[in-house]
Amino acid sequence: MNNRRFARTAGWLALPCLVAAGLLAWYVTREPASPLQTDQTAAADMAPALIARGEYVARLSDCVACHSVPGGVPFTGGLEMATPLGAIHTTNVTPDPETGIGHYSLADFDRAVRHGVAPGGRRLYPAMPYPSYAKLSDDDVRALYAFFMKGIAPVRQANIPSEIPWPLNMRWPIALWNGVFTDTAPYAAKAGKDEIWNRGAYIVQGPGHCGSCHTPRGLAFNEKALDESGTPFLAGALLDGWYAPSLRNDHNTGLGRWSEPEIVQFLKTGRNQHAVVFGSMTEAFNNSTQFMSDDDLAAIARYLKSLPGDSQRDGTPWQYQAVSAADRLDTPGAHTYVTRCASCHGADGKGQAQWMPPLAGATSALAKENASAINITLNGSQRVVAAGVPDAYRMPAFREQLSDQQIAEVLTFVRSTWGNQSEPVDAKAVSTLREHTDPASSSPIILQMR
């Protein structure tokens, strides 16, 4: 009797478990619906104007930075990207039918770009910024598809498998992650905001995917906010050995001291009186922001300046305190600064016009995170190419010239002088980044388009 009762109970329990398992299997392998599913855009319909529009959207989206490697053919992939689970490599997105995306329909392309789902239901790792690209308009997706199908040449180059070990490399859990942390709706204009603000919000949140680097992430590696409705949005984040600073109106670590024209100047020329592009932002500038229209840059600046800062997080507003490094040679790090740094950045820390950035009041000297300061001191800066002209002044790499202790001391000196008030740098932090980073490439990825 007990055995029959147990069997009957187990049977009743098995049924809902099987149903739940079936629903889960369907959910994690399904291909999301695409509003472009019935769009019969053919090669003959891809007019030059549509392809040119797609080229511009690709610039806005900075697709080449991730899907290329220095010295390689653009868009053929191969870039190694570190993740907490292991390294992955970006894929070939040229229209080659075997190793690229030449066999993608418009709907396939849409699902990959805006939903992170490749043909067959295979989930893409969210290193592909589809949580941001989800906000792309249908028209921009059509244009982007036209560019990738007809604006670039197909290249046969096999993709490099990821280095994430089993079972961590199983992709079906990503579908559950997407269900919790992504929003699949395209950008909708905000009522009460003008056209310029909405255009800036669209670019920053969508194709520009600024939040992928500048928004802090949660325990599940999700961006803590995807738009201005969340206060963590663009509040600064540590990523791949760099600290992507706040893009909000934080006085010390953000854009609080920048005017809208200064933001435009930085994105258009790679420099202004406050800073020069470095780290991952160099690639974004070299292939993306400098090619944006003046109207779009102005819209980005308008939107970013509308994001309030957080004085509690940001601290007491920085004020310059005049002092010459040469007068503080008894302070650890000062001698190194005078002999290695002052010729460019000035004994007064003010730099030289727009060519040598100031260290007095620099975000890297005021932020709690010291990764950017350590990284650029160890490895130097990547070459900035503005309007086709490579820069003549680059931050040199000091990993061979200075010890971990010397770098820690000189950065501690910078972070405690001219009104800078940040925590000291420890030699162990320098050692860690020395081991896990490489010198900046002198051959940046530069995409030549028509």
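Let me start with a term: a residue counts as buried when its relative accessible area is under 20%. This is a predicted model, so keep that in mind throughout. By that cut-off, 47% of the 450 residues of the protein are buried.

Now the overall build. The protein has 19 helices and eight strands. Its radius of gyration is 24 Å, close to the 22 Å from the globule rule for 450 residues, so the protein is as compact as a globular protein of that length. The C-alpha trace spans about 90 × 70 × 50 Å along its principal axes.

What about contacts? Take those between residues at least 6 apart in sequence: 66% of them join residues at least 24 apart.

The protein exposes about 21800 Å². Carbon and sulfur atoms supply 58% of that area.

Which residues make a nonpolar surface patch of about 450 Å²? Trp166, Met170, Trp172 and Leu176 do. Look at Leu176 on your screens. Leu176 sits in helix α7, which covers residues 172–181. Its relative accessible area is 37%, so Leu176 counts as partly exposed.

Last stop, a glycine. Where is Gly309? Gly309 lies in the loop that links α12 (294–304) to α13 (311–314). Gly309 is partly exposed as well, with a relative accessible area of 38%. Set aside neighbours within four places in sequence, and Gly309 is in contact with Asn249 and Asp250. Then there is Gly254, 55 residues away from Gly309 along the chain. The C-alpha atoms of these two glycines are 7.8 Å apart.

That's the tour. Over to you.

Technical notes: Residues numbered from 1 in each chain as written. Predicted model: local features only at pLDDT ≥ 70, side-chain atom pairs only at ≥ 80, totals over all residues. Heavy atoms only, no water. Patch = residues over 30% accessible without salt bridge, like charges linked within 9 Å, V, L, I, M, F, W, Y side chains within 5 Å. Areas by Shrake-Rupley, 256 points an atom, 1.4 Å probe, with all protein chains shown as cover. Salt bridge = Lys/Arg side-chain N within 4 Å of Asp/Glu carboxyl O. Helix = DSSP H or I, 4+ residues; strand = E, 2+ residues; numbered from the N terminus. Buried < 20%, exposed > 50% of the residue type's maximum accessible area, 1.4 Å probe, protein only. Rg over C-alpha atoms; globule rule 2.2 N^0.38 Å. Contact = heavy atoms within 4.5 Å.
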